[in-house]
Amino acid sequence: TAPPPLWSEKAMKFLQWSQAQLRTPGGQAARDILSGKGLNEETIRRAGIGWNPGEHGEDIYRDRRGWGLPHEVHRDGRPKRLWIPQGIVIPLQGNEGTRRLRIRRHSEDGPRYVIVAGSSMSPLVLESVTGVFMVVESELDAWLCWQEAGDLCGVVAMGSAQLKPDKAAHNLLIKSEKILNALDYDPAGARAAWKFWPEAYGAKVIRWPPPVGKDPSDAWQQGINIRDWIEAGLE
């Protein structure tokens with residue numbers, strides 16, 4: 001489901017602010033992480049990625065109702081607040097505006113990725129003129145594959161190996177000629193790759209993890225040419 005209109009409005013304003021922060025000297029560490037994952041400047045801008053430095057060096061918290069979300073409380077009666085942690089801001093945008101804010105945190109405490117409450121869980125779909133799609137987990141991996149081989153295939157980023165395509169993504173995948181399944185090379189990715197995907201889309205699904213590392217970014221960092229790897233899967 002799409003987030004409430006007020007949420008999308010607030011998320012868009014926050015995203016625009018974070019995009020400006022990425023271009024400041026304080027955003028250099030975030031830019032270094034992105035370039036270290038193989039993303040060039042054009043792709044970073046196309047993806048709409050930003051940087052949240054927080055407020056006074058701390059994570060941002062907001063009243064949920066101010067973002068169009070229902071009031072909720074913890075077990076001890078304290079009101080739940082909207083958590084927007086410091087880190088790299090990875091959006092999902094559509095015709096309705098901003099639909100998701102995913103934050104890649106720098107902190108080693110707690111989860112590496114946080115989805116801001118109210119976000120849509122729809123996958124990121126980067127379409128192509130071809131009838132071929134590659135399926136990955138991370139949006140950053142998806143943008144890397146699209147950057148290197150967007151003319152060869154579309155890319156779908158699920159966000160997690162356990163998540164399933166929504167209706168829009170399913171309609172594209174069911175009509176596709178081939179699906180290269182590059183979910184992470186780990187137990188969770190393997191379970192989904194060998195069960196749900198072939199059951200849902202049949203023999204056109206080819207399990208195609210990167211030759212080294214657990215995902216495309218890992219492979220790129222270890223010297224793999226992403227376009228060559230995708231071309232080999234298509235052949």
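Strand β8 (residues 132-136) and strand β9 (residues 154-157) pair in the parallel sense over four bridges, where two strands are said to pair if DSSP finds at least two bridges between them. Within this pairing, V135 stands opposite V156 in β9.

This is a predicted model, in which local features need pLDDT of at least 70 and side-chain atom pairs count only at pLDDT 80 or more, while totals for chains, interfaces and linings use all residues. Residues are numbered from 1 along each chain as its sequence is written, and side-chain values use heavy atoms, with hydrogens and water left out. The mean pLDDT (the predictor's confidence in each residue, from 0 to 100) of the protein is 95, and 100% of its residues reach 70 or more. Confidence is lowest in α6, at a mean of 87, and highest in strand β1 (residues 50-52), at 98; helices (H or I, at least four residues) and strands (E, at least two) are DSSP runs, numbered from the N terminus.

Which residues of helix α6 (residues 187-194) are buried? They are G189, A192 and A193, where buried means under 20% relative accessible area, exposed over 50% and partly exposed in between (1.4 Å probe, protein chains only). These residues cover an arc of only 100° around the axis, which puts them on the same side of α6; the arc is that of the directions from the helix axis to the C-beta atoms. The buried residues of α6 pack against β10 (178-181), α7 (196-201) and β11 (205-207), contact meaning heavy atoms within 4.5 Å. On the other side of α6, P187, R191 and W194 are exposed.

The structure holds six aromatic pairs, in which rings of Phe, Tyr and Trp (its six-membered ring) have centres within 6.5 Å, with planes under 30 degrees apart counted as stacked, over 60 as edge-to-face and the rest as tilted. F196 and W197 form an edge-to-face pair, at 5.3 Å centre to centre and 85° between the planes. Ring pairs link F196, W197 and Y201 into a cluster.

| Residue | Relative accessible area | Class |
|---|---|---|
| F196 | 22% | F196: partly exposed |
| W197 | 0% | W197: buried |
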